Amino acid sequence: MDYIERIKKLKNERKITNERLSELTGIPLGTLSKILAGISDSPKLVNIVAIADALGCTLDYIVSGVSENTNNYTLSNEEIELVESFRALDSHSRELAMLVVKKELERNEHSAPERSTVIIPRESVAKKISYMNAAGSLARRTIPVYAMPVSAGVGVYLDDTTAEEISIPDNEKTAACDFALRVSGNSMEPIYHSGDLVLVEDCDSVEVGELGIFVLDGDGFFKKFGGDRLISLNPEYADILIKNFTEAVCCGRVIGKLKKR
């Protein structure tokens with residue numbers, strides 16, 4: 001039995017519907033449905049923690065099936081933030097972060113009479129990560145740019161799997177970027193213009209007020225998330241009500257745009 005089956009088992013035992021679980025956890029119904037259908041390969045830890053709380057069980061039981069009668073083990077908010085921060089790093093930065101953790105553990109083992117668990121704050125890890133390459137120049141990495149533009153106006157159908165590789169600076173601002181899309185239209189002006197390359201973090205949900213890439217009944221949009229609607233930055237465009245569509249999916253969080261050289 002995997003974690004999805006355990007969640008469904010608890011839902012059935014407690015007679016909780018998906019809609020009710022969405023209300024209890026604050027997880028959008030679309031995101032929750034993707035998690036329970038196994039579509040989301042790597043659901044956010046905070047979402048799994050919220051589901052465990054709503055179902056009245058431990059995180060260990062959801063993840064590994066450990067009996068709730070054993071000693072409970074839960075993650076603090078600081079630990080959850082650390083895990084989420086680590087998952088946002090690329091492979092190079094993860095290796096550096098692990099080196100920092102190992103060094104700090106070794107230092108604490110020698111300086112403290114008893115072994116203790118060391119939590120490295122997010123800021124401390126960031127300060128110790130160098131974004132310089134071996135030659136001393138600013139590091140760069142490649143990300144895919146999908147050929148089909150995302151609409152900043154009326155919907156554009158997103159069904160193009162071809163992509164080209166581009167090089168971007170590898171720094172704290174771009175660390176979370178997984179891919180890029182080209183903007184088409186003017187509804188996100190004056191900040192984003194047609195032709196701009198927006199940097200996107202691959203995720204299945206965004207917070208209210210954040211910018212994201214959304215697919216509504218097959219049409220792709222670059223908009224600000226308003227909870228029950230998608231909002232344009234250009235006041236000439238009306239809000240798009242999500243309830244008017246059969247299927248609404250979040251494909252990522254826009255973290256900025258690539259500066260033109």
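## Surface and overall make-up

How much accessible surface does the protein have, and what share of it belongs to carbon and sulfur atoms? The accessible surface comes to about 15200 Å², and carbon and sulfur atoms account for 51% of that area. Please keep in mind as you read that this is a predicted model.

The protein is built from eight helices and 10 strands. Of its 261 residues, 38% count as buried.

The mean pLDDT of the protein is 75, with 75% of residues reaching 70 or more. Among the elements, strand β8 (residues 229-231) has the highest mean pLDDT, at 92, while helix α8 (residues 122-128) has the lowest, at 36.

Two stretches call for some care. Over residues 112-137 the pLDDT is below 50, although this stretch has 37 contacts in the model beyond near neighbours in sequence. Residues 153-160 also have pLDDT below 50, and here the model has 27 contacts beyond near neighbours in sequence. Where pLDDT is low, the predicted coordinates should not be read in detail.

In soluble globular proteins, nonpolar side chains tend to be buried together.

Helices α2 and α4 pack with their axes 9 Å apart, at an angle of about 110 degrees. Because angles of 65 to 115 degrees count as roughly perpendicular, α2 is described as roughly perpendicular to α4. On the α2 side, the meeting residues are Leu21, Leu24 and Thr25; on the α4 side, they are Ala50, Ile51, Ala54 and Leu55.

Which residues of helix α3 (residues 29-36) are buried? They are Thr31, Leu32, Lys34, Ile35 and Leu36. The cover over these buried residues includes α1 (3-14), α2 (18-25), α4 (45-55) and β10 (248-257). Just after α3, Gly38 takes a positive phi of about 80 degrees.

## Backbone details in two loops

The loop between α1 and α2 holds Lys15. Its phi is near 55 degrees, a positive value in a residue other than glycine. Is Lys15 buried or exposed? Lys15 has 74% relative accessibility, so it counts as exposed.

The other loop worth a look lies between β4 (179-184) and β5 (197-201), where Pro190 is found. The peptide bond from Glu189 to Pro190 is cis, with omega near 15 degrees.

## Around Ile231

Ile231 sits in strand β8, the element with the highest mean pLDDT. Its relative accessibility is 22%, so Ile231 counts as partly exposed. What does Ile231 touch, not counting residues up to four places away in sequence? Its contacts there are Met188, Lys223, Lys224, Gly226 and Asp239. Ile231 and Gly209 are 22 residues apart in sequence, and their C-alpha atoms are 9.0 Å apart in space.

Conventions: Residues are numbered from 1 along each chain as its sequence is written. Side-chain values use heavy atoms; hydrogens and water are left out. Buried means under 20% relative accessible area, exposed over 50%, partly exposed in between (1.4 Å probe, protein chains only). Helices (H or I, at least four residues) and strands (E, at least two) are DSSP runs, numbered from the N terminus. Contact means heavy atoms within 4.5 Å. Accessible areas come from the Shrake-Rupley method with a 1.4 Å probe; for residues, only the protein chains shown count as cover. pLDDT is the predictor's confidence in each residue, from 0 to 100. Axes are lines fitted to C-alpha atoms, for helices over the stretch in contact, and angles run from 0 to 180 degrees between N-to-C directions. Angles under 35 degrees count as roughly parallel, over 145 as roughly antiparallel, 65 to 115 as roughly perpendicular and the rest as oblique.
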